[in-house]
Amino acid sequence: MSLPTYERDPYARELAVEVRPGGGEGEPAAWLADTVLYPGGGGQPADRGWLAGVEVVGVEPGPQGFLHRLAAPVPPGPARLALDWPRRYDHMQQHTAQHLLTALAAERFGWPTTAFHLGPELSDIELDRPEIAPADLAALEEAAMAEVRAGRRVAARRVAREEAARLAVRSRRLPAGLTGDLRLVEIEGIDLATCGGTHLASTAEIESLKLLGTEPMRGGTRLFWIAGGRVRARLARLEERVGALRRLFDSGEPELLAVAERKLADLAAAERLARRLGGRLADFEAERLAAAPGPLLDLHLESPPPGGPAALAERAVAGRPEALAFVTAAAADGLVFALAAGSTVALDLAALGAEVARVLGGRGGGSGRRYQGKAPAATHRAAALDLAGRAIAG
Ligand SMILES: [Zn+2]
């Protein structure tokens, strides 16, 4: 069988094909004898594209060539298969960068690569090495960029298994029982590895490569990086974000962090002051409430006091044994309310509270000398106040 086009020519973007129907009920798919869409593998995701203008959502090799899973059915017959080229070229940049990084990490630093992930944002390789010093990472990045500048030729070929055994092939984990030829990918003068993926023709096309950071991983180290057009795209995104922050803080980029830290410190101080003033205000409200004439002490606040309305009501009646306090406050989701009875008041506060809650259209709970609850709105506050007034007067 001849090689699929994506393997023979990774730069091929289109192909004239003959569509044969495939897939099950409600799963539109087409068998194609050949394809420009890489089916995925070796850490590189499967390609996307369009068959006769219909989106290809998955590709897999099979007995009749390659099964292309589709967003909608495509009739049998001749058709045009197109590759999502910007996405594939990005994958080729990341994948070729991975070969380069893996080769240099192994040969110059003695760190073997145990896994590779090509993510939608970042890529990573897992290195069999518990810790890597920042200076070593900088040296690895510089070594990789020197090979990008050198523009090393990258080429793939198939060789017989016996021949591969004679070559200095950097070993990749191969599926057990695999027979037939091996596909080798060579970065001239740097690396020879087995791989089925798609690669650039030259390391110069990697454009740029930036190591971003590490995290510990099962006794090894996961190294995150980006390559190719992603470097410029990420820089543009970060520039935009920094620009927005500069406008927000009215500051230059070098001072941005210090300005933000100062603003956060100011905010924390303002919050401490607000809590202290809130406490003072609650003291004042409790005193004012306790000084009101008559046995019913009534107060409405625009926001819940520190400790809630029940604490305020209890403080108000502490010095007024004969009084009943009714305190309400506007809250984010309606009204909070509380009743507190002085020590000589002979009222069943649980019963009165339940009645007040019913009049307010809310609910609550309490016993002895205290009741608290919430209501959806202050609409029936006057009626509830009237009820409490009649109770304490009676
Ligand atoms: Zn590869």
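Colleague: Which domains does the domain assignment of the chain give?
Modeller: Domain 1 (5-83), domain 2 (89-236) and domain 3 (274-393). The bounds come from an automatic or database domain assignment. Residues are numbered from 1 along each chain as its sequence is written. This is a predicted model: local features need pLDDT of at least 70, side-chain atom pairs count only at pLDDT 80 or more, and totals for chains, interfaces and linings use all residues.

Colleague: What separates the centres of domain 1 and domain 3?
Modeller: 72 Å, taken over C-alpha atoms.

Colleague: Switching to helices. At what angle do helix 2 and helix 3 cross?
Modeller: Roughly 120 degrees, and the axes of helix 2 (residues 85-109) and helix 3 (residues 134-150) come within 10 Å. Axes are lines fitted to C-alpha atoms, for helices over the stretch in contact, and angles run from 0 to 180 degrees between N-to-C directions. Helices (H or I, at least four residues) and strands (E, at least two) are DSSP runs, numbered from the N terminus.

Colleague: Which residues of helix 2 and helix 3 make the contact?
Modeller: Helix 2 brings Leu100, Leu101, Leu104, Ala105, Arg108 and Phe109. Helix 3 brings Asp136, Leu140, Ala143, Ala144 and Glu147. Contact means C-beta atoms, placed from the backbone, within 7 Å.

Colleague: And the sheet, what order do its strands have?
Modeller: The order is 9-10-11, in an open sheet of 3 strands with antiparallel pairing. Pairing takes at least two DSSP bridges between two strands. Strand 9 (154-159) and strand 11 (191-194) are the edges. The twist averages 25 degrees from one strand to the next.

Colleague: How many bridges join strand 9 to strand 10?
Modeller: 6, with strand 10 covering residues 182-187. Arg157 stands opposite Leu184 in strand 10.

Terms used: Contact = placed C-beta atoms within 7 Å.
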